[in-house]
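Please have a look at the structure, and then read on.

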Amino acid sequence: MEKEDPLQKIAREALEKQGPEEKLRRTMKILAAVAAVLFVLLAYIWISKALLVNDLKIDKKNLTEQIESLQSDYEALSSDYESINSQLDSSREEIAQLVDRIKKTEATNRRKMRQYEKELGTLRSIMRSYIVQIDSLNTLNQQLAADAAAAKKEAAESRRRNAKLTKEVATLSGQVAAGAVIKARGISLAAYDSHDRVTDRSSRVVRLLVNLSLVENEIAPRGPVRVYVRVTAPDGTLLNDGKDHTFKMGGQDLEGTASREVDYEGAEVEMGVYVNNVTGYRKGVYTVEVFTEQSRLGSAEMLLR
């Protein structure tokens, strides 16, 4: 049999000597100590929970403010493009619903709060993409507007140059047309008697001769040219050899006294037009006017006694 330790023996004997009252007091002390520990532990847990809830409320408030700020940014964002405006309207509706949901959700619902944070990030990314699109389209429109203005200016300058060129061409065409008209020089009117001699006696005249030269003109049309003469007597009547020598001048039909056709090839042509079959010449001044169908070539006078 083992020998009992003296100290343990003394403690055992002292305990055996204690009465029921002493044991109760000891038990009460132990329970009081346990209660104190539990109170401290519960107080710590309550305070920690209160602090956590407060932190979650602050986080919710910050998240709400961020979402509302983003909502204001969406409201301020606008564009001139129908397709982007339609997308913006959809995103504005989505963020309005997010604001409503977060206000109705308890701050302690951390799963929902994390979901709202993700949605906020997504909406921010979408907004940045809208800004990039709008800026790109605005830059493109500015470039297109500048290009259109430059093209409009260039078109106006081109029209101005074309108008100037057209005017110059018209002027040159007019000059060429005027230069292409056949002209004459040395126009004269003479009277001849029956012996084919020049005379100034009205009683001896049997025919008239109009002499002229068609001058050289390299740009005038080549080919047959008919020359018309109109001889006017002193009393103003038009002499007529009995044939039809009607021609147009200035849009009107003019009656000629006589005419002759020559072949004109741009070189000078000397020619004469006879006036025959006219009788009863009178004293006075006779006037001759010479024409082609394009222009009046000139005139001359003759005095008969």
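The text below covers aromatic ring pairs and a charged surface patch.

This is a predicted model, in which local features need pLDDT of at least 70 and side-chain atom pairs count only at pLDDT 80 or more, while totals for chains, interfaces and linings use all residues. Residues are numbered from 1 along each chain as its sequence is written, and side-chain values use heavy atoms, leaving out hydrogens and water.

**Aromatic rings**

There are 3 aromatic pairs in the structure. Rings of Phe, Tyr and Trp (its six-membered ring) pair if their centres lie within 6.5 Å; planes under 30 degrees apart count as stacked, over 60 as edge-to-face and the rest as tilted. Two of the pairs are set out here.

| Pair | Centre distance | Plane angle | Class |
|---|---|---|---|
| Tyr-228 and Phe-247 | 4.5 Å | 20° | stacked |
| Tyr-281 and Tyr-286 | 5.9 Å | 55° | tilted |

Strands (E, at least two residues) and helices (H or I, at least four) are DSSP runs, numbered from the N terminus.

Tyr-228 and Phe-247 are buried, as are Tyr-281 and Tyr-286. Buried means under 20% relative accessible area, exposed over 50% and partly exposed in between (1.4 Å probe, protein chains only). Ring pairs also join Phe-291 with Tyr-228 and Phe-247 in a cluster.

**A charged patch**

Arg-110, Arg-111, Arg-114 and Lys-118 form a positive surface patch. Such a patch takes residues with over 30% relative accessible area and no salt bridge, joining like charges within 9 Å; a salt bridge is a side-chain nitrogen of Lys or Arg within 4 Å of a carboxyl oxygen of Asp or Glu. Lys-118 sits in helix 4 (residues 110-179) and counts as exposed because its relative accessibility is 64%.

Notes. Patches are made of residues with over 30% relative accessible area and no salt bridge: like charges are joined within 9 Å, nonpolar side chains (Val, Leu, Ile, Met, Phe, Trp, Tyr) within 5 Å. Accessible areas come from the Shrake-Rupley method with a 1.4 Å probe; for residues, only the protein chains shown count as cover. Lys and Arg count as positive and Asp and Glu as negative; His and the chain ends are not counted. The place of a charge is taken as NZ of Lys, CZ of Arg, CG of Asp or CD of Glu.
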